[in-house]
Amino acid sequence: MSQNIRINEPIMDDAEIDAVTSVIKSGVLTSPQFEGGPEVQKLERSVREYTGARHAVAVNSGTVALQASLLALDIKPHSEVIVPSFSYVATANAVKAVGAIPVFADILLNNYTISPDSIRNYITSRTAAIIPVHLYGLVSDIKRIREVAGHIPVIEDAAQSLGSTIDGAHTGTMAEMGCYSLYPGKVVTAGEGGIIVTNDHNMHERLLAIRNHGNVRGAFETFGINARLPEISAAIGRIQMGKLPMFLYIRRRNAAYLDEYLQSNTVRLPTLRQGENPNWNLYTIYTTARDGLLSKLRQKGIGAAIYYKTPIHRTPHYSSKTSLPNTDEASSSVLSIPVHPGVTPDDTSYMAQLINSHSSGVVC
């Protein structure tokens, strides 16, 4: 059993080291080519093959993936983009980075993803896009969201959900575009990086130009930014993609153990929809006894963490008086515990024992 278990950690070996060394020896550290460098193209191919998406575009962060997707949709300044407040701040920041206004909707308490009914309440004539987040790797109800959206484009924030599926369909592939993150806290990493997937050829062409200052095969034909992913990062990401099935197997095994072992009346376990198979980027429980439980776990070397204690609409920068009761309830009650590939079956048993023995508080 591990003495100290971090909430998430990248799992690497000599394969990543050898890939990075090969890039350094090649002297090609990045590429301004329209199609990207050789490692970027290999990474993109691996993501296409894994997810079934027709196109994939590698960029230098998950946040930039969202920003580039909004630019590809030609989202105008001062238009509105509906997002959940219960998410990492990058979801809203990407909207603001293109001059648009994030409009915060509430979530469903059963899986912490954006509520289609709440989205409906915030659609106006100024709504230019909707960004649902597959939070913790749990899958948003994209089918219902698209029905509510009608003609409004949908971008899936799949930063935390690479490998999550619903009825066999991968998150990120069920709307106009989907954005993955390759940050070290995700299921696979490139150090920093992001991937945009789309089935639309025109969107793919626009994204390739946008990531390279608007350069279209030698001519600057449109607006763009420097969203290029360095070859070293792409090489790490390519190796990690090959390990993704193994990583997911272990995460799902650990989540299944916790489902079985956790019997405390103070916690509510994650709820899955029929046909849903999450990647378990984070295994998140609900408890009204959170602070005491968090303290106990950390004292025992368990790197439990709160995602997200302060919803975006309550951060100083966005400071909104919008009433989002489910968001407020979740932010005061959720707790994530480790299930990454470094966690052993004995670790899951130990964590469950600690949680089960924490008797104060009741689940609403």
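**Entry 1: residue classes.** For my tallies, Ala, Val, Leu, Ile, Met, Phe, Trp, Tyr, Cys and Pro count as nonpolar; Asp, Glu, Lys and Arg count as charged; the others, Gly among them, count as polar. I'm working on a predicted model.

**Entry 2: second largest cavity.** I started with the classes of its lining, which come out as six nonpolar, two polar and three charged residues. Then I looked up who they are: Glu 9, Pro 10 and Ile 11, then Pro 184, Lys 186, Val 187 and Thr 189, and finally Gln 240, Phe 247, Arg 251 and Pro 341. I noted a volume of about 50 Å³ for this second largest cavity.

**Entry 3: the other cavity.** How many cavities of 30 Å³ or more does a search of the whole structure find? I get two. The largest cavity comes to about 60 Å³. Around the largest cavity I listed Thr 30, Ser 31, Gly 36, Gly 37, Val 40 and Ala 58, plus Arg 211, Arg 228, Leu 229 and Glu 231. By class, the lining of the largest cavity has four polar, three nonpolar and three charged residues.

**Entry 4: largest pocket.** Its volume is about 560 Å³. I count 29 residues in the lining of the largest pocket. Which of them lie nearest the centre? Tyr 88, Gln 160, Tyr 183, Lys 186 and Tyr 308 do. I had already written down Lys 186 as a lining residue of the second largest cavity. By class, the lining of the largest pocket splits into 14 nonpolar, 11 polar and four charged residues.

I also checked which elements contribute. Helix H3 (62–72), helix H4 (90–97) and strand E8 (177–181) each supply at least two residues of the pocket lining. H3 gives the largest share, with three residues.

Entry 5: The peptide bond joining Tyr 307 and Tyr 308 is cis, with omega about 15°. Tyr 308 lies in the loop between helix H9 (290–299) and helix H10 (325–331).

My other find is Asp 74, which has a positive phi of about 60° although it is not a glycine. I placed Asp 74 in the loop between H3 and strand E2 (80–84). I flagged these two spots because most residues other than glycine have a negative phi, and most peptide bonds are trans.

**Entry 6: H8 against H11.** I looked up how helix H8 (residues 231–261) packs on helix H11 (residues 345–356): the angle is about 35° and the axes are 9 Å apart. Left-handed or right-handed, the crossing of H8 with H11? I have it as right-handed. On the H8 side, the contact is made by Arg 253, Asn 254, Tyr 257, Leu 258 and Tyr 261. H11 answers with Pro 345, Thr 348, Ser 349, Ala 352 and Asn 356. The residues of this contact divide into five nonpolar, four polar and one charged.

**Entry 7: a three-stranded sheet.** Last, I traced an open sheet with the order E7-E6-E12 and antiparallel pairing. Which strands are at the edges? Those are E7 (169–170) and E12 (276–277), each pairing on one side only. Strand E6 (residues 165–166) is joined to E12 by two bridges, and the two run antiparallel.

Methods: Residues are numbered from 1 along each chain as its sequence is written. This is a predicted model: local features need pLDDT of at least 70, side-chain atom pairs count only at pLDDT 80 or more; totals for chains, interfaces and linings use all residues. Side-chain values use heavy atoms; hydrogens and water are left out. Two strands pair if DSSP finds at least two bridges between them. Helices (H or I, at least four residues) and strands (E, at least two) are DSSP runs, numbered from the N terminus. Axes are lines fitted to C-alpha atoms, for helices over the stretch in contact, and angles run from 0 to 180 degrees between N-to-C directions. A crossing is left-handed if the near helix is turned anticlockwise from the far one by less than a right angle, and right-handed if clockwise. Contact means heavy atoms within 4.5 Å. On a 1 Å grid over the protein atoms alone, a cavity is a set of points where a 1.4 Å probe fits but cannot get out, and a pocket is an open set with protein on both sides within 12 Å along at least five of seven lines; lining residues have an atom within 4 Å of a point. Grid points are joined across faces, edges and corners, and a volume is the space filled by probe spheres set on the points.
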